[in-house]
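Reader: I would like to go through the aromatic contacts of a model with you. Could we start once it is on screen?

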Amino acid sequence: MGFISGNNKKLLSKIATNDGHGENSAYFDGWKAYENDPFHLTQNPNGVIQMGLAENQLCFDLIQEWVVNNPKASICTSEGAQDFKDIAIFQDYHGLPEFRKAVSRFMEKVRGDRVTFDPERIVMSGGATGAIETLTFCLADPGDAFLVPTPYYPAFDRDLRWRTRVQLYPVVCESSNNFKVTKEALEDAYEKAQESNIRVKGLLINNPSNPLGTVLDRETLKDILRFINDKNIHLVCDEIYAATAFSQPSFISIAEVKEEVVGCNENLVHIIYSLSKDLGFPGFRVGIIYSYNDVVVNIARKMSSFGLVSTQTQRLIASMLSDDIFVENFIAKSSVRLSQRHGLFTKGLAQVGINTLKSNAGLFFWMDLRRLLKEPTFEDELDLWHIIINEVKLNVSPGCSFHCSEPGWFRVCFANMDDETMRVALRRIRHFVLKENKGLEVASKKQCRRNKLEISLSFRRLDDFMNSPFMNSPHSPMSSPMVQART
């Protein structure tokens, strides 16, 4: 059904029919495997468990409780129906004033009230996907490039490249320093892009990081700001996981650090935000562009006409986020629950010898399965991934789909399931790893026996040689006075 014949392809546009969406990657293949055989505790207990989707489902009880207690927030209730007409006919692409005010205030709270955001700079869009594409259209032309540290979110290839025809150029980060973004890596990527005659228009960072689950420290953020100012390129900060940091070090927004860098050109700094991850509302499609550049704010608002947030959603969100008691309670409990779930998973894996990158944010962690690879190649990584998908029945995402520079890493999402499903998933992983460990031990013992046999045969050959007639010959090197003197 999804196949486009050559004839049809000629009748359609190149943008619509090219493979820029990226759905042919292992990242999306994992989703398809889940959709074809979805796990259910009772109806399909042997199905694929979805661990490739970064959704925050740990606090929906708090959301549902608020909705029940605040029926007036919705125009689809008897309490809120009196506002139905006004909300239904509102179509200003600036958005409801109370919505922009509530979102800007929420952005301040999840950043510890250390920064302020101007509601007049809030540009809404249909989710973070629409927001980052709109911003890309504003900042770059076809053929231009954004630098992006690896590993990075696979759908950036779709969001930034597919319709804009902009390129993404990797800033290679490595496990030797926990995938830290360094000045050297930034400079190296920029120079290589220049050598390839690629026009670099900006740097895209994801903080907290997807897939690493780590936060950028203050000095790294300062280095990044100095770098983009020195090159006179844009900085796009994807901060959609801002409220998911559950332990120290705390999340630091670029909005805070830019005030500390002397001579920072604010016109180059832009933030992407969303309620999809921090609140767990991907279906509401609430994306935000926040730019310090007046021209970008104006043109992004015009372009947002292609993907606005419905006024019904705006009204509900405005009411919810204006409830300070609810917001503070939600942020605090979400942090605790994310920490507990993260700890259960990572400690459970550690018990069977599986390491994870140290992390304290996001809805996932970066699992290290390098020792389970037969050879350190991306081909072997995909072979291992196929076993995990088809036999272990877990949809975890392979590092190659995140453009990781080293094979053997996998992203594991932990917040999109209930407690019992989590226990099933953890049992499956532990069982698989223990089985693999046993296989490695058997292989190791066989190799050890083989080595011992080779050593035994070597000594046997030496004994035969020592007792051979040649050894008793006057021409034998063992008859040499020098050798005899040393024995």
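Reader: Are Y190 and F227 buried or exposed?

Author: Both Y190 and F227 are buried, where buried means under 20% relative accessible area, exposed over 50% and partly exposed in between, with a 1.4 Å probe and protein chains only. Please note that this is a predicted model, in which local features need pLDDT of at least 70 and side-chain atom pairs count only at pLDDT 80 or more, while totals for chains, interfaces and linings use all residues. Residues are numbered from 1 along each chain as its sequence is written, and side-chain values use heavy atoms, with hydrogens and water left out.

Reader: How many aromatic pairs are there?

Author: The count is 20 aromatic pairs. Rings of Phe, Tyr and Trp (its six-membered ring) pair if their centres lie within 6.5 Å; planes under 30 degrees apart are stacked, over 60 edge-to-face and the rest tilted.

Reader: What is the geometry of F179 and W409?

Author: F179 and W409 are edge-to-face, at 5.4 Å centre to centre with 85° between the planes. The pair links distant parts of the chain, 230 residues apart. F179 counts as buried because its relative accessibility is 4%.

Reader: Which cluster includes F179?

Author: Ring pairs link F179 into a cluster whose members include Y27, W31, F402 and W409.

Reader: Changing topic, which charged end sits over the ring of Y273?

Author: That of R111, 4.9 Å from the ring centre. The criterion is NZ of Lys or CZ of Arg within 6 Å of the ring centre and within 35 degrees of the ring normal. K258 lies over the face of Y292, at 4.4 Å from the ring centre.

Methods. Helix = DSSP H or I, 4+ residues; strand = E, 2+ residues; numbered from the N terminus.
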